[in-house]
Amino acid sequence: MKNIDKLNSKDFIEPSLNAINVFVINGNYSTELSDTNDNDGLFIEKISLNNVNYNTLADNKFNTFTALNSAYANNGLSISVQKNTTIKQPIHIIHINTDNNVIANPRTLIVIEQSSELEVIQSYHSPSVENTFTNAVTEVLAKENAKFTLTKIENEGTNSSIIATDEIKQLNDSTIRVNTITKRQDFARNGINVSVDGQNCETYLNGAYSPIKKEHIDNHTRVDHLKPNCMSSEIYKGVLNDKSTAVFNGKVIVNK
């Protein structure tokens with residue numbers, strides 16, 4: 001990480017968010033650059049391999065890039081919220097690639113306990129570097145009556161590619177929202193897989209993208225309704241410019 005000493009972390013902070021800023025540099029969670037957490041019931045720390053929820057939702061068997069992430073991820077990020085806790089500040093996870101020709105494998109585990117609420121923003125940046133590849137995997141467990149919002153902003157610029165995989169599991173009465181905004185990426189593939197494993201759940205997936213030149217944007221969603229009395233909604237909109245291309249592939253599976 002030869003360019004990390006030149007990195008000014010303040011350039012990537014959005015003051016209007018009033019967020020807890022967490023930095024992930026070249027795929028590694030940086031405690032030195034990240035804010036101190038002062039919220040009761042909120043835990044932000046390095047992923048422990050002994051965490052009972054880690055690597056339980058990720059599909060290592062059938063998804064090659066998820067398996068690659070699981071094999072090479074170091075210093076992953078764990079975020080958990082205790083039962084009956086509402087976190088009023090959003091958590092802004094700022095992913096930055098600082099070197100040329102870097103392959104980053106950021107790993108994030110988010111657990112929202114019963115009757116708790118959390119908002120997370122993930123932004124991706126590759127300033128003044130070339131030929132970067134980000135292979136991100138996020139696992140989310142939303143327990144009974146939990147409310148969770150995830151907003152992803154992909155803006156690494158030219159000469160950069162990203163594959164972002166989100167594996168989400170919902171339990172009874174939970175509500176999740178995932179907003180994916182893809183701005184500047186040579187290549188982006190977003191895979192959002194939601195397992196609705198409880199009754200009375202609500203699932204909202206939204207996306208916006210506007211590629212230019214020869215950029216290519218892929219959005220693949222899968223919502224698997226395993227229990228009755230649930231609803232899901234998806235809205236994706238894109239504007240394609242120049243010779244850019246895009247794919248949207250949405251699957252909703254309703255089990256018997």
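Tyr236 is buried in this predicted model, at 14% relative accessibility; buried means under 20% relative accessible area, exposed over 50%, and partly exposed in between, with a 1.4 Å probe and protein chains only. Phe248, at 39%, counts as partly exposed.

A search of the whole structure finds two aromatic pairs. A pair of aromatic rings is described by the distance of the centres and the angle of the planes. Rings of Phe, Tyr and Trp (its six-membered ring) pair if their centres lie within 6.5 Å; planes under 30 degrees apart are stacked, over 60 edge-to-face, and the rest tilted.

One of the pairs joins Phe65 and Phe133, and it is edge-to-face because the planes stand at 75°, with the centres 6.1 Å apart. This pair links distant parts of the chain, 68 residues apart: Phe65 is in helix α1 (residues 64–72) and Phe133 in strand β9 (residues 132–142). Helices (H or I, at least four residues) and strands (E, at least two) are DSSP runs numbered from the N terminus. Phe65 is partly exposed at 37%, whereas Phe133 is buried at 19%.

Tyr236 and Phe248 form a tilted pair, with 4.9 Å from centre to centre and 35° between the planes. Tyr236 lies in strand β16 (residues 231–238) and Phe248 in strand β17 (residues 245–254), twelve residues apart.

Asn8 lies in the segment before β1 (20–25) and is partly exposed, at 39%.

Residues are numbered from 1 along each chain as its sequence is written. Local features need pLDDT of at least 70, side-chain atom pairs count only at pLDDT 80 or more, totals for chains, interfaces and linings use all residues, and side-chain values use heavy atoms, without hydrogens and water.
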